Amino acid sequence: MNTVLENIGEFLKFTGFANATWGHIAMIIVGLAFIYIAIKREWEPLLLVPIGFGMIVGNIPLFPGLNVGIYEDGSVLNILYQGVQKGWYPPLIFLGIGAMTDFSALIANPKLMLIGAAAQLGIFGAYAIALAMGFAPNEAGAIGIIGGADGPTAIFLSSKLAPDLMGAIAVSAYSYMALVPVIQPPIMRLCTTKKERLIRMPAPRIVSQREKILFPIAGFLLTAFIVPSGLPLLGMLFFGNLLKESGVTRRLAETARGPLIDVVTILIGLTVGCSTQADKFLQPSSILIFVLGFLSFAIATFGGVMFVKFMNLFLKPGNKINPLIGNAGVSAVPDSARISNLEGLKYDKRNFLLMHAMGPNVAGVIGSAVAAGILLGFLG
Amino acid sequence: MNKIRSLIVLCALAASTALSAQNVNEMLINEVLVKNETSLVDGFGNRNGWIELLNSSYGTVDIGGCYLSNDTRNMKKYLIPSGDINTKIAPRQVVVFYASGNGDQGTFYTNFKIEPGDTLYLVSNDGRTVIDQVVIPAALGTDQSYGRVHIEGTIDDTEFELLPSPSPNSQNGDPEAETKSQIMARTDPHGWIISLTSMSVVFTSLIVLFLIFKLIGKLSVKYMKTGKNKEKTAAVHNSHPKVSAKGGNDEVAAAIAMAIEKEFGAETEAAIALALHLHLNSYVHDQESFVITIKPRMTFWSDKRDMQLHKPTK
């Protein structure tokens, strides 16, 4: 009888209950909150559900040496996590993004590209603030990229520059992408007058198939020659777009924007969630990263909107741009463009800005990939 | 057709040969020490002169089959044995050969000794092509090493110098050299320089892209307005009825977009709204071939030819 009791006592030592800490419980609650937000509010559910569940998986208290944890070499989760650590999931996601993105709005009105560049101010603003807060330059660069509002880029860059902070940076980036509808509108209203919000933009011109095919080729050659360190992201983005626009690789394009991106999204979401183990995630630096992430989003939105106002100084009446599309210069496709549209409709029920906002929105994807390449070149 | 195939095969062969050669070609003689009194001890407890090779590439290089020599009349003096896993040198890593004069001691022991004033050669596996060579200074002293150091202002260029201290089995240079991040922390503590530079680069990239596509757009519009293309565009416009009143398109689009907004997510809304805009304004239309082609799609499961055993051929 004693032996049985001893065995049961021994077994209990191996269970999660015996090894649980308050940190584990806290992270499991955060994971549940993510799942709740994703299902109830439908905020970025494709990302928050895998990340939320991954947080729960990653914070099950483990007896050391079981070789199942994400940080234990050779475990299943560790093998899946290699795609994040080595940075090959994000380019695959960019392939899918390229295959599902229509650059017509941007090609029709190429000056909107500049808004995508201006919104990258968030990245470098947050970089400077992070330095002032005491982060090392490589860590500050990885944190600043949150302002690009692009989860895969944030994971790619942080895996290269500051692997220790990657969990917090990825969760912060995806959380704020989900919170775009909350963060951006007040800043947009603060930076614009009612008259500016009522500006109607002329309809975009027809874009020929030839232009659509030329765009990924010219775009890639140009950006990759200027910033070769951004090659994995830029190459895959434009390659995916060429698959879509060439018209002769429909099956490949459908795979890239369908099953492939879905599989990689599941894996990246789950493993990033798993990587937020309490002992590694619950650090004072994580809180600072969340604060900086918010600031970088806010600065990016401010930069985009103010740059449109600046551009309007030089544009003729009738060609002016509605500054409400400035916020779309951050990536977060297509949520930030949707916010532009919704804000526009609040002031003029017939002023549809969505198709105009998609221009800076996709330019933001290119801009953030270029910015990531620059930071990698300087700090990697 | 056969000529084209032959050309492709030849090109592929040439490319593969070039690639293979390129790998070994990126090996360098990295550091040499001749008179060893306090430096590296070999596996037999002796202090010999040593030769360090560096794989300067970003891929693994197998140096098995290559040669080391200090004699121009005999470039095949020491054959680096092939088949030894240790001759596969990892990217940016080094390997040390002891110039013991006894090649039977192991893969990394040469059958010749080195002296100041010698010229050392690393020779490719063809026994003729010199991959790298270095003239050891005649005045090289005891426990002094002669090695490659990075030339300032270049990315990967190096030159030979007397090193302040020997560094066998590790990259030459200051072991406490700063990382890029540390250099940036020292030179740009507030981040203004990197921010300004980076923003300028981002803007430059997108400005150039903007200019290119502005030009392409103008040419494209001009092309569409000329001759047959103008007729084609007009035909497409006229073949689709427009919504009655001026601004009616926008109202229809507005009504549909609002309904969609309530029903679907952002991506659907974005895609449908853009498509509606283009359609209602007669910008784009599907071009149908008007040819219906139905091809039976046979798979392994349904194709009888695949399911039946094939007759043996004579």
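## Basis

The model is predicted: local features need pLDDT of at least 70, side-chain atom pairs count only at pLDDT 80 or more, and totals for chains, interfaces and linings use all residues. Residues are numbered from 1 along each chain as its sequence is written, while chains are lettered from A and ligands numbered from 1 in the order in which they are written.

Helices (H or I, at least four residues) and strands (E, at least two) are DSSP runs, numbered from the N terminus.

## Where chain A meets chain B

On chain A, 51 residues are in contact with 42 residues of chain B. Two residues are in contact if their C-beta atoms, placed from the backbone, lie within 7 Å. The elements of chain A that give two or more residues to this side are helix H8 (113-118), helix H9 (121-132), helix H10 (137-144), H15, helix H20 (335-347) and helix H21 (354-379). H21(A) supplies the largest share, 11 residues.

By class, the side of chain A that touches chain B has 34 nonpolar, eight polar and nine charged residues. Ala, Val, Leu, Ile, Met, Phe, Trp, Tyr, Cys and Pro count as nonpolar; Asp, Glu, Lys and Arg count as charged; the others, Gly among them, count as polar.

## H15(A) against H3(B)

Two packed helices are described by the angle between their axes and the distance between the axes. Helix H15 (residues 209-226) of chain A and helix H3 (residues 192-224) of chain B have axes that come within 10 Å and cross at roughly 155°. Axes are lines fitted to C-alpha atoms, for helices over the stretch in contact, and angles run from 0 to 180 degrees between N-to-C directions. H15(A) and H3(B) are therefore roughly antiparallel to each other. Angles under 35 degrees count as roughly parallel, over 145 as roughly antiparallel, 65 to 115 as roughly perpendicular and the rest as oblique.

The crossing of H15(A) and H3(B) is right-handed. A crossing is right-handed if the near helix is turned clockwise from the far one by less than a right angle, and left-handed if anticlockwise. Residues of H15(A) in the contact include Leu214(A), Phe215(A), Ala218(A) and Leu222(A); those of H3(B) include Val208(B), Leu209(B), Ile212(B) and Phe213(B). The residues of this contact divide into 11 nonpolar, six polar and two charged.

## H21(A) against H3(B)

H21(A) also meets H3(B): the axes come within 10 Å and cross at roughly 135°. That makes H21(A) oblique to H3(B). The crossing is right-handed.

Here Ala363(A), Gly367(A), Val370(A), Ala371(A), Ile374(A), Leu375(A) and Phe378(A) meet Ile194(B), Ser198(B), Val201(B), Val202(B), Ser205(B) and Leu206(B). The contact of H21(A) with H3(B) has 10 nonpolar, three polar and no charged residues.

## Strands of chain B

Chain B has seven helices and 11 strands. Five strands form an open sheet in the order S7-S2-S1-S10-S11, with antiparallel pairing. Strand S7 (94-99) and strand S11 (158-162) stand at the edges with a single partner strand each, so one side of each is left without a neighbour in the sheet. The twist averages 30° from one strand to the next. Two strands pair if DSSP finds at least two bridges between them. Strand S1 (residues 27-33) and strand S2 (residues 49-55) of chain B pair antiparallel over six bridges. Glu31(B) has Glu52(B) in S2(B) as its bridge partner.

Strand S8 (residues 119-123) and strand S9 (residues 130-135) of chain B run antiparallel, joined by five bridges. Leu120(B) stands opposite Val134(B) in S9(B). S8(B) and S9(B) form a hairpin with six residues between them, and Gly127(B) in the turn has a positive phi of about 75°.

## Positive phi and burial

Most residues other than glycine have a negative phi, and most peptide bonds are trans. Arg92(B) is not a glycine, yet has a positive phi of about 60°. Arg92(B) sits in the loop between strand S6 (88-89) and S7 of chain B. Arg92(B) is exposed, with 12 other C-beta atoms within 10 Å. A residue is buried if 20 or more other C-beta atoms lie within 10 Å of its own, exposed if 12 or fewer, and partly exposed in between; C-beta atoms are placed from the backbone. Asp143(B) has a positive phi near 55°. Asp143(B) lies in the loop between S9 and strand S10 (145-150) of chain B. With 15 C-beta neighbours inside 10 Å, Asp143(B) is partly exposed.

In chain A, Phe34(A) lies in helix H3 (residues 22-41). Phe34(A) is buried, with 28 other C-beta atoms within 10 Å.
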